[in-house]
Amino acid sequence: FTAGLDIKELINPDPIRLKELRAVYLDCSLKLYNSLFPTAALINGHAIGGGCFLAMACEYRVMLPNFKIGLNETQLGIACPEVAILATKNIISSRDSEMALTLGTIFETDKALDIGLVDEIAKDKAEAMAKCESFMLKFKGVPALARGITKQLFRKKIVDLMTENKERDVENFVNYVLDPISQQNLKAF
């Protein structure tokens with residue numbers, strides 16, 4: 001699984017490359033979030049920032065012990081995008097979402113399970129894969145198109161926001177990353 005964006009790519013970046021990087025990441029996130037297929041994330045490493053959002057784009061998350069997950073944008077001086085806020089509120093309580101996102105909280109595996117950010121913990125990659133497969137098999141007898149469209153309807157508001165605000169999201173991200181205070185925070189992190 002992905003840990004998210006490489007922080008080194010964000011330190012003193014070429015603005016054009018940074019725009020391209022963000023646009024590609026948003027396209028990938030959108031395809032995963034809006035997929036007609038059931039999706040599961042096997043989190044076998046730290047999933048922080050972009051990695052956390054990609055995991056949240058999946059319907060089911062299984063995480064191995066002793067790793068961390070969370071959206072830490074505010075710790076880096078980057079405002080958490082509205083789509084990430086809404087997606088987080090779809091998974092954990094509104095109150096937990098607000099506290100986690102405003103603080104940029106990174107959760108240990110056990111705490112992520114406690115608040116519902118991940119669905120299960122597995123002792124190793126093989127067990128995690130089996131849990132993900134078990135989740136997928138739940139849909140075996142459900143007509144795929146009806147299931148997929150229902151999922152898309154559930155996620156429509158966030159998908160629409162991701163689609164309509166892509167250019168603004170890219171510009172905001174680039175501006176936040178290029179901000180001198182954000183650059184100090186990124187270097188310190």
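Leaving aside neighbours within four places in sequence, serine 97 is in contact with Thr88, Lys89 and Ile92, where contact means heavy atoms within 4.5 Å. This comes from a predicted model, in which local features need pLDDT of at least 70 and side-chain atom pairs count only at pLDDT 80 or more, while totals for chains, interfaces and linings use all residues. Residues are numbered from 1 along each chain as its sequence is written, and side-chain values use heavy atoms, with hydrogens and water left out.

Serine 97 has its place in helix 5; helices (H or I, at least four residues) and strands (E, at least two) are DSSP runs, numbered from the N terminus. With a relative accessible area of 1%, serine 97 is buried, a word that stands for under 20% relative accessible area, with exposed meaning over 50% and partly exposed in between (1.4 Å probe, protein chains only). A polar atom of the serine 97 side chain lies 3.5 Å from the backbone nitrogen of lysine 89.

From this residue we turn to the nonpolar core, a set of buried Ala, Val, Leu, Ile, Met, Phe, Trp, Tyr and Cys residues joined through side-chain atoms within 4.5 Å. The largest such core has 43 residues, of which Ile43, Phe53, Ile69, Leu71 and Leu117 touch the most other members. Among the elements that give two or more residues to this core are helix 2 (15–33), strand 1 (40–43), helix 5 (94–103) and helix 8 (144–164), while helix 3 gives the most, with 6 residues. A second, separate core has 8 residues, including Leu42, Val62, Leu64 and Phe135.

The aromatic rings come next. The structure holds 3 aromatic pairs, and rings of Phe, Tyr and Trp (its six-membered ring) pair if their centres lie within 6.5 Å, with planes under 30 degrees apart counted as stacked, over 60 as edge-to-face and the rest as tilted. The rings of tyrosine 33 and phenylalanine 53 are stacked, because their centres are 6.4 Å apart and their planes are at 15 degrees. This pair links distant parts of the chain, since tyrosine 33 belongs to helix 2 and phenylalanine 53 to helix 3, 20 residues apart, and both residues are buried. The rings of phenylalanine 135 and phenylalanine 139, by contrast, have their centres 5.2 Å apart and their planes at 80 degrees, so this pair is edge-to-face. Phenylalanine 135 is buried, at 8% relative accessible area, whereas phenylalanine 139 counts as partly exposed at 22%. Ring pairs join Tyr60, Phe135 and Phe139 into a cluster.

Tyrosine 33 also has a charge over its face, that of arginine 155, at 4.2 Å from the ring centre; a charge sits over a ring if NZ of Lys or CZ of Arg is within 6 Å of the ring centre and within 35 degrees of the ring normal.

Proline 38, in the loop between helix 2 and strand 1, touches Glu59, Phe135, Met136, Phe139 and Arg147, not counting residues up to four places away in sequence. Proline 38 and glycine 148 are 110 residues apart in sequence and 7.6 Å apart in space, C-alpha to C-alpha.

Finally, 3 strands form an open sheet of mixed pairing in the order 2-4-5, where two strands pair if DSSP finds at least two bridges between them. Strand 2 (47–48) and strand 5 (107–108) are the edge strands, each pairing on one side only. Strand 2 runs parallel to strand 4 (residues 68–70), and 2 bridges join them.

Terms used
A polar contact is a pair of N or O atoms within 3.5 Å; within protein, one must be able to donate a hydrogen and the other to accept it, and residues adjacent in sequence count only if both atoms are side-chain atoms.
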